[in-house]
Amino acid sequence: MMDAFHDERFPTAISFGATGGPERRVEIVTMTSGEERRNLRQSRSRRRFDAGTGLRALDDLGEIVAFFEARRGALHAFRFRDPFDHKSSGLGDEPESMDQEIGIGDSESVTFQLAKSYGSGAEAYQREITLPVAGSVQVAVDGFELDASAFSVDPMTGVVTLDAAPAEGSLVTAGFLFDIAARFDTDRLEISLSSFKAGQIPSIPIVEVFA
């Protein structure tokens, strides 16, 4: 998939005005007794957005057309900033190094995958995080924040590599900003200048993609 990925971010100002969110595909069958049988068809949620609601000016239209053409429509995926979920912390807080648990030390392992947990306990959903924002990742071991020179982060996979393996049982945590990989969910943009000036917003569907 990365061969079809452009490491370019969809215009952030426009994405922050987008509407949308996570989608779960659940197959529901109603039995003759009236009971339901529910089956999760995808292990991961997929996010869908309409970025048309983020357009505020005619210049925005030109920027979107240029971005659409450079991505060859739906052919190439790109970075997209989810306006509702792009931090290891809450939306109103700044990321901190102890926001999310990403592993437990065993005195040997030095690589840890960035992740974000939703909920708590056995029912919590653990989401693998890729496409971290450069320079935003903070890492701590047992509550002690590491210097940025003590680890590296793969900007595509979200894998953190520490210079030294944490001791057995050490809690490894991280804070970060992140994007998602997405593509246009359409083969064409239908834009009318007269409609836009009259307040009618064009639809620009965008869908999350996975490697």
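I began with the pairing rule: two strands pair if DSSP finds at least two bridges between them. Strands are DSSP runs of E with at least two residues, helices are runs of H or I with at least four, and both are numbered from the N terminus. The model is predicted, so I noted that local features need pLDDT of at least 70, side-chain atom pairs count only at pLDDT 80 or more, and totals for chains, interfaces and linings use all residues. Residues are numbered from 1 along each chain as its sequence is written, and side-chain values use heavy atoms, with hydrogens and water left out.

**Entry 1: the sheet**

I looked up β7 and found it paired with β15 (residues 171-175), antiparallel, over 4 bridges. Opposite L171 in β15 stands I104. I then traced the open sheet, which has 4 strands in the order β7-β15-β11-β12, with antiparallel pairing. Which strands stand at the edges? They are β7 (100-104) and β12 (144-145); each has a single partner strand, so one side of each has no neighbour in the sheet.

**Entry 2: salt bridges**

I searched the whole structure for salt bridges (a side-chain nitrogen of Lys or Arg within 4 Å of a carboxyl oxygen of Asp or Glu). The search gave 15. I picked out R81 and D179, whose side chains meet at 2.6 Å, N to O. This pair links distant parts of the chain, 98 residues apart: R81 is in the loop between β6 (77-80) and β7, and D179 is in the loop between β15 and β16.

Next I checked exposure, with buried meaning under 20% relative accessible area, exposed over 50%, and partly exposed in between (1.4 Å probe, protein chains only). R81 and D179 are both buried. Both also belong to a salt-bridge network with D7, R9 and R79.

I moved on to R127 and D85, a salt bridge with its closest N and O atoms 3.2 Å apart. R127 lies in strand β10 and D85 in the loop between β6 and β7, so this pair ties together parts 42 residues apart in sequence. R127 is buried at 6% relative accessible area. D85 counts as buried too, at 10%.

Buried or exposed: what about R188 and E190? Their side chains form a salt bridge at 3.0 Å, N to O. Both residues are exposed.

**Entry 3: V207**

I looked up V207 and found it in strand β17 (residues 205-208). V207 is buried, with a relative accessible area of 2%. I listed its contacts (heavy atoms within 4.5 Å). Leaving out residues up to four places away in sequence, V207 touches R46, R47, R48, A181, A182, R183 and D185. As a distance check, I took V207 and S120: 87 residues apart in sequence, 27 Å apart C-alpha to C-alpha.

**Entry 4: the largest pocket**

I noted the pocket rule: on a 1 Å grid over the protein atoms alone, a pocket is an open set of points where a 1.4 Å probe fits, with protein on both sides within 12 Å along at least five of seven lines; lining residues have an atom within 4 Å of a point. The largest pocket has a volume of about 360 Å³. Its lining has 22 residues, and the closest to the centre are R44, E128, T130, E208 and F210. Two elements give two or more residues to this lining: β10 (125-128) and β16 (180-184). The largest share, 3 residues, comes from β10.

Notes
Grid points are joined across faces, edges and corners, and a volume is the space filled by probe spheres set on the points.
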